[in-house]
Every structure is written in structure tokens, then in C-alpha cells.
Amino acid sequence: MERVEAELFTDGRNDAVVRLPGRRFPGVLIQGDSLHILRSDLAEVVEACERGDLADARDSAGLLLAGLDALLTRYADALREHEIPRPY
């Protein structure tokens, strides 16, 4: 394990925006349990598609998209606040 200092651009919630040494742009730190939930949410979409339940798939995908949109907004807001251009 290597210890490094990172720049923290937001509070330290589960989706902290941080920049590691040597990186031009910050990233989003997703805790392991949050990553597992994200994977489970996507698995629900796949399972609904396999069952042919497109309404359920659409609903699950919509919730997943809303969560990712919120994460992306938090990232973009942090970059804007610190006058860092977005990498996309």
C-alpha cells in the first residue's frame, strides 16, 4: 500500500471529488458499498430485459440514470467551483 496526498474538492461523502497526484483532472471516489449498489441496480435492468419486462427495465434504468446524473452534476459543480475545465 502506498500513502499519497490527494486534493479534496468536495466534502468527504461517499462520492467525494478528489484529484490524485500526477492526474490532470479529479475523479469521483465511490465507496465499495456504493459501487456494489450501482452494480446491483444495473443487474436489475439486465434481469428485467431478460424477462422481457421492458416497463420494469425502463423504470430501473431511469432510476440508475438519475443517480448517475446527480453524481455527474456534483462532479461538474466541483470542477466549476475550482475553475477546472471538464475533461469531456
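Author: What follows is a set of questions about the labels, with the reasoning behind each answer; keep in mind that this is a predicted model.

Reader: What makes arginine 74 buried?

Author: Its relative accessible area is 16%. Buried means under 20%, so arginine 74 gets that label.

Reader: And why is the pairing of aspartate 11 and arginine 74 called a salt bridge?

Author: The N to O distance between their side chains is 2.6 Å. The cut-off is within 4 Å, so the pair of aspartate 11 and arginine 74 qualifies. This pair links distant parts of the chain, 63 residues apart. Aspartate 11 sits in the loop between strand S1 (7-8) and S2, while arginine 74 belongs to helix H2.

Reader: Is aspartate 11 buried, partly exposed or exposed?

Author: Partly exposed, with a relative accessible area of 42%.

Reader: Which other salt bridge does arginine 74 form?

Author: One with aspartate 15, where the closest N and O atoms are 2.9 Å apart. That pair also links distant parts of the chain: aspartate 15 is in strand S2, arginine 74 is in helix H2, and they are 59 residues apart. Aspartate 15 has 18% relative accessibility; the limit for buried is under 20%, so aspartate 15 counts as buried.

Reader: Which residues are linked in a network of salt bridges?

Author: Asp11, Arg13, Asp15 and Arg74. For the whole structure, the search finds eight salt bridges.

Reader: How do you know that arginine 51 and aspartate 53 form a salt bridge?

Author: Their closest N and O atoms are 3.9 Å apart. With the cut-off at within 4 Å, the pair of arginine 51 and aspartate 53 is counted. Arginine 51 has 53% relative accessibility, and exposed means over 50%, so arginine 51 counts as exposed. Aspartate 53, at 31%, is partly exposed.

Reader: Let's go to the core. Which residues make up the largest nonpolar core?

Author: There are six: Phe9, Val17, Tyr75, Ala78, Leu79 and Ile84. Helix H2 (residues 54-81) gives the most to this core, with three residues. A core member has to be buried and joined to the set through side-chain atoms within 4.5 Å. In soluble globular proteins, nonpolar side chains tend to be buried together.

Reader: What does alanine 78 touch, leaving out residues up to four places away in sequence?

Author: Phe9, Thr10 and Val17.

Reader: Now the pockets. What lines the largest pocket?

Author: The lining has 13 residues, and Ile30, Ser34, Leu38, Gly67 and Leu71 lie nearest the centre. Helix H1 (32-51) and H2 are the elements that give two or more residues to this lining. The volume of the largest pocket is about 250 Å³.

Reader: How does the lining of the largest pocket divide by class?

Author: Into eight nonpolar, three polar and two charged residues.

Reader: And what about the second largest pocket, which elements supply its lining?

Author: Strand S2 (15-19) and strand S3 (27-30) each supply at least two residues, and S3 gives the most, with three. The volume of the second largest pocket is about 210 Å³.

Key. Residues numbered from 1 in each chain as written. Predicted model: local features only at pLDDT ≥ 70, side-chain atom pairs only at ≥ 80, totals over all residues. Heavy atoms only, no water. Buried < 20%, exposed > 50% of the residue type's maximum accessible area, 1.4 Å probe, protein only. Helix = DSSP H or I, 4+ residues; strand = E, 2+ residues; numbered from the N terminus. Contact = heavy atoms within 4.5 Å. 1 Å grid on protein atoms, 1.4 Å probe; cavity = no way out; pocket = protein on both sides within 12 Å on 5 of 7 lines; lining within 4 Å. Points joined across faces, edges and corners; volume = space filled by probe spheres on them. Nonpolar A, V, L, I, M, F, W, Y, C, P; charged D, E, K, R; others polar.
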